[in-house]
Every structure is written in C-alpha cells, then in structure tokens.
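Me: I would like to go through this model with you. Could we begin once it is on the screen?

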Amino acid sequence: MENKDTAPRRLGTMLDCSRNAVMTVDAVKTWIGITAQLGYNTLMLYTEDTYEVPGEPYFGYARGRYSQAELTEIDACARANGMELIPCIQTLAHLNAIARWPEYREHMDAQDILLAGDERSYALIERMFETIAACFTSKCVHIGMDEAHLFGRGRYLDLHGAVDRTQALLDHLNRVAELGARHGLELIMWSDMFYRLAAGGEYYAVDAQIDDSVGRKIPANVELVYWDYYTTDPARYGQMLKNHAAIKPGTWFAGGLWCWEGFAPHNGFSIRATEAALKACGDNGVRDMFFTLWGDDGAECSRFALLPALFYAAQRARGNADQADIQRRFEAQFGVSWDTFLLLDLPGSPNDQKGVVNSEKYLLYNDPLQGLLDSTLSGGEGERFARCARALEAAPETGRWDYLFRTQRALCRVLEVKAELGLRTRAAYRSGDRGALAALLSDYQAAEERLEEFYEALRAQWDRENKRTGFEVQDIRLGGLGRRMRHCRTILKDYLEGRLSRIEELEEPLLDFAGGGSALAQRPVLFNNWRQTATANVL
C-alpha cells in the first residue's frame with residue numbers, strides 16, 4: 001500500500017495545550033500510543049506559555065503548565081514509540097497569557113507581541129530554548145511567529161519611530177535563529193508573515209507574484225510551515241505550495257483536524273480538506289506534514305472525537321485510497337464502526353460537510369432574552385437537535401469512547417429545548433400571548449435541568465483528558481448560563497404576575513448579528529466567540 005519513495009518523512013499531529021485544555025501526561029501518552037499505531041511518527045505540543053521555564057515564575061503561572069519532569073516523561077514515551085516529540089512555542093506573538101502580568105509588561109510591543117530589539121525579550125527566549133534543549137530529544141523546534149499583525153506598531157514604534165517593519169522582523173528572526181543555533185536547534189516557523197511579505201500583503205494569495213528575494217533573507221536554520229485548514233480544493237493547496245517553494249524550498253505543510261469550533265468535532269469537513277491537501281502535498285513532494293488540533297475559545301471538544309479524521313489522514317498519507325477498506329480498518333482498530341463514530345459530528349454539522357458551522361455552541365450560550373444569535377434561526381432547530389440526540393442514543397456499543405457520545409447526547413438534549421427558546425419567547429411576548437409565555441416557563445426549567453446533566457458529562461470528559469486547571473472557564477460559562485436561565489424564568493414570572501409592566505430586552509427589535517439590520521440571516525453560521533454570543537455588554 002505504501003510507496004516508500006513518496007511517503008512523508010514526518011507525519012504528525014499537533015496538540016494545542018495553550019487554550020485552557022492542557023492534556024494530562026497520561027492522555028498525551030495515550031495519544032502517542034494511538035497515533036504511533038496508525039503510522040504517525042511526529043507529535044508537536046503547542047505550548048505558548050504552558051511549560052516550565054526556570055527563572056520565569058509567572059510564565060504559565062496558574063495555567064496548568066507542564067513541568068520539566070513532565071516534558072521529559074512525555075519525550076521518553078514518544079521515543080519508546082518511535083516518535084519524535086517537537087516543541088511548538090511562540091517567540092513573537094500569541095503570548096497574551098503572560099502579557100497580563102506586571103513581570104512582562106516591559107517585554108511587550110502591542111497586545112500579545114514581544115518587544116523586538118529589547119534584550120529582555122531575548123533573555124526570555126533564551127530561557128525558553130534552554131528548557132527545550134533540556135527536555136526534548138529532538139533538535140527541531142517550532143518557534144511560531146505567526147499573525148503578528150501589530151508588530152512594530154506599539155511600544156516599538158514609540159521607542160524607534162517609523163522604521164522598515166520588514167527589516168525589523170528579519171532582525172528579530174535573526175536574533176532568535178542565533179539563539180537557537182547556540183543550543184543546536186533547527187527552527188521551523190509559520191509562514192504567513194514571510195508569505196505576506198513575498199506576496200504583497202495577503203496570506204492565501206494564490207495568484208501572487210512571489211518576490212523570491214524574501215526567501216534569501218530567511219536564516220539558514222529556519223524552515224517555513226504553510227498552514228491551511230480551510231479549503232477542499234487540491235489546486236489551491238498545490239499553487240500555494242509552489243509559491244512557498246519559490247520563497248524557500250523544503251516547506252512543511254500543516255493541515256487541520258477540526259476540533260476548535262465548539263463542542264462537536266468536524267470529522268467530515270476535516271476529511272475532505274485533508275484529502276485535497278494530501279493530494280497536493282504528494283504532487284509537490286512535501287516531505288514533512290502534520291495536522292493541527294487547535295482549541296480556540298475554550299477547547300470544549302475532545303481531540304479523541306477526531307479519530308476518524310486522524311485515521312483517514314494516516315491511511316491516505318500512506319497510500320490507501322480505498323474508502324471501504326479504510327472504514328473496515330477503522331472499526332478493527334477502535335472497536336466502533338466508522339458511521340457510528342461520525343455521529344459525533346451531528347450536533348455541529350447539519351449541512352452535509354460542505355463547510356463548518358457550530359450552532360451547537362452559539363445556540364447554547366445565546367441569551368434567551370437578548371437573543372443576539374436568534375437571527376440565525378429558521379425554525380425546526382429544536383427538532384434537529386432532538387433527532388441528533390435520538391441518533392446518538394441509538395448508537396451501537398461504543399466501548400471506551402462512550403464518554404464522548406454521552407457529552408454530545410446531553411448537549412443535544414439541552415438544545416432540543418433551548419435552541420429556539422428565545423425566539424419563541426419573543427414571539428409570544430410581542431404578540432401579547434400570555435398563555436404561550438406561561439407555557440414556556442416549564443421549558444426554561446427543563447433547559448436548566450438538562451444543562452446540569454450536560455455539565456456533568458462535559459466535566460467527566462475534561463477530567464479524563466485534561467489537567468483540571470482550565471475547566472474553571474467552563475464552570476464560569478456554564479454556571480453563568482444556568483444562573484441566567486433561572487433569572488430569565490424569574491423575569492417572565494414577574495411579568496406574568498404583574499410585578500413587571502414590560503420586559504426591556506424583548507422590546508428591542510431583533511437585528512441580524514452580522515450587521516444585516518432587520519434582514520435576518522436565518523441560516524446556521526460559524527461563530528465561535530463566547531463573549532460576543534452571551535451578551536452585547538462588556539465581560
């Protein structure tokens with residue numbers, strides 16, 4: 001099945017351990033065991049500040065950071081399984097978690113971006129590299145450096161005035177590369193900052209005229225990583241890889257296994273995007289590739305819920321294009337049929353995998369009275385979630401993975417009642433139907449009770465996979481939602497019993513959340529932002 005001449009040199013995954021969900025050492029070991037059996041030989045741990053750096057007590061403080069002993073233990077497990085463990089850190093942007101501490105305020109340029117040209121920044125980076133050299137066998141390290149759009153526009157501008165930002169970025173990278181070389185490290189970095197420079201400002205500019213002089217300025221011990229999770233078009237991947245080769249040969253590729261848009265996985269879309277990406281990687285001779293599992297906005301979804309996409313990527317990367325055979329092998333590997341495991345996608349993917357939506361998250365946190373996301377509803381959403389729940393409940397035996405199904409079942413049962421609750425409340429209130437409003441009180445109470453069942457399922461899932469630090473975010477969100485549901489019920493009762501003459505929130509006309517005014521979208525969307533879903537006010 002596998003063609004040794006075209007098989008990737010590195011085939012890996014990247015686990016995001018920076019957005020609250022820091023996987024336990026045991027869970028990482030389980031992941032290593034599973035992925036090694038599937039043919040993966042590389043694992044990256046994405047840790048912005050969630051690793052111990054001696055001499056930096058506030059770096060990862062109260063964030064569940066890995067100790068040096070834990071990193072060494074994970075590295076030993078990886079080596080025992082024939083796997084290379086690569087640290088994936090940040091040496092420029094995405095350091096918002098440390099920016100909150102007075103200890104690091106003088107280190108920062110703007111927002112989450114380190115202050116380039118400042119010796120305090122390079123002293124910190126050197127300590128990062130010292131930790132990496134001490135804990136990891138691999139001499140390869142991913143230094144991040146992506147999405148630093150405000151680079152040079154904060155304190156750097158105050159200190160140095162208007163300068164050539166491209167040269168300033170290159171100067172910073174050269175300092176980082178020198179520090180890496182001092183510790184015998186080979187560096188890789190996300191390509192978007194340099195691609196924008198070479199392509200005239202836009203990442204994913206497929207038809208850009210590439211300025212190949214940019215590549216000649218990249219240090220010799222630095223390689224680029226082209227990341228793209230969003231398309232199912234092999235031609236786009238292929239052209240982007242050619243553009244990267246024009247900047248600097250040897251570009252790595254990073255795809256995505258979508259677990260970062262809410263509580264539900266998106267195996268279906270991940271598989272379609274992966275299929276297209278792997279074809280382009282094969283056609284363009286890419287030798288190093290990995291698949292990211294991010295945790296945007298709370299990391300609610302289990303990485304293990306992406307086992308079908310993970311398995312598919314490994315099979316296709318090794319040359320197996322027989323879908324029926326892949327599905328048979330999956331069931332033999334995990335003890336659950338392919339179709340059964342894909343039921344986990346149902347709460348978040350009602351649209352035949354043509355794209356990604358996450359209504360299971362935004363409709364959960366959508367306030368019943370403000371209803372900021374009610375504009376996405378077209379009717380029938382509650383019944384859709386009821387069908388999802390029934391399908392999950394009727395699933396055959398799921399063995400060790402049953403806890404994943406329990407979480408999604410419980411979520412669907414909440415949304416069966418809650419998804420349209422705000423819209424129904426608004427309609428009854430604005431039509432003056434007090435009887436309909438009174439009937440809704442039992443739905444509010446049912447939603448509260450089902451929410452508690454979902455909370456317990458999610459907590460059990462989290463405790464099985466992640467360090468406890470970080471779940472307080474879910475406590476705050478779900479606890480706040482439960483209290484808000486109770487308060488909304490009280491407001492309705494007070495109105496019905498004459499203690500309130502009007503409900504202010506429902507007097508406000510419903511507007512489209514995306515800016516369409518009174519022209520409501522009435523379709524599911526992708527909107528993964530708890531703060532902007534839960535309230536229009538300031539959290």
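**Strand pairing and packing**

Reply: Phe 253 stands opposite Met 289 in strand 8. This is a predicted model, in which local features need pLDDT of at least 70 and side-chain atom pairs 80 or more, while totals for chains, interfaces and linings use all residues. Residues are numbered from 1 along each chain as its sequence is written, and side-chain values use heavy atoms, without hydrogens and water.

Me: Which sense do strand 7 and strand 8 pair in?

Reply: Strand 7 (residues 252-256) pairs with strand 8 in the parallel sense, over four bridges. Pairing requires at least two DSSP bridges, and a strand is a DSSP run of E of at least two residues, a helix one of H or I of at least four, numbered from the N terminus.

Me: What about strand 1, how many bridges join it to strand 8?

Reply: Six, and strand 1 (residues 10-16) runs parallel to strand 8. Met 14 has Thr 292 as its bridge partner there.

Me: Is strand 8 buried or exposed?

Reply: Six of the six residues of strand 8 (residues 288-293) are buried, so the strand is largely enclosed by the rest of the structure. Buried means under 20% relative accessible area, exposed over 50%, and partly exposed in between, with a 1.4 Å probe and protein chains only.

Me: Which residues lie on each side?

Reply: Asp 288, Phe 290 and Thr 292 lie on one side, with Met 289, Phe 291 and Leu 293 on the other.

Me: Changing topic, how many disulfides are there?

Reply: Zero in the whole structure, a disulfide being a pair of cysteine sulfur atoms within 2.5 Å.
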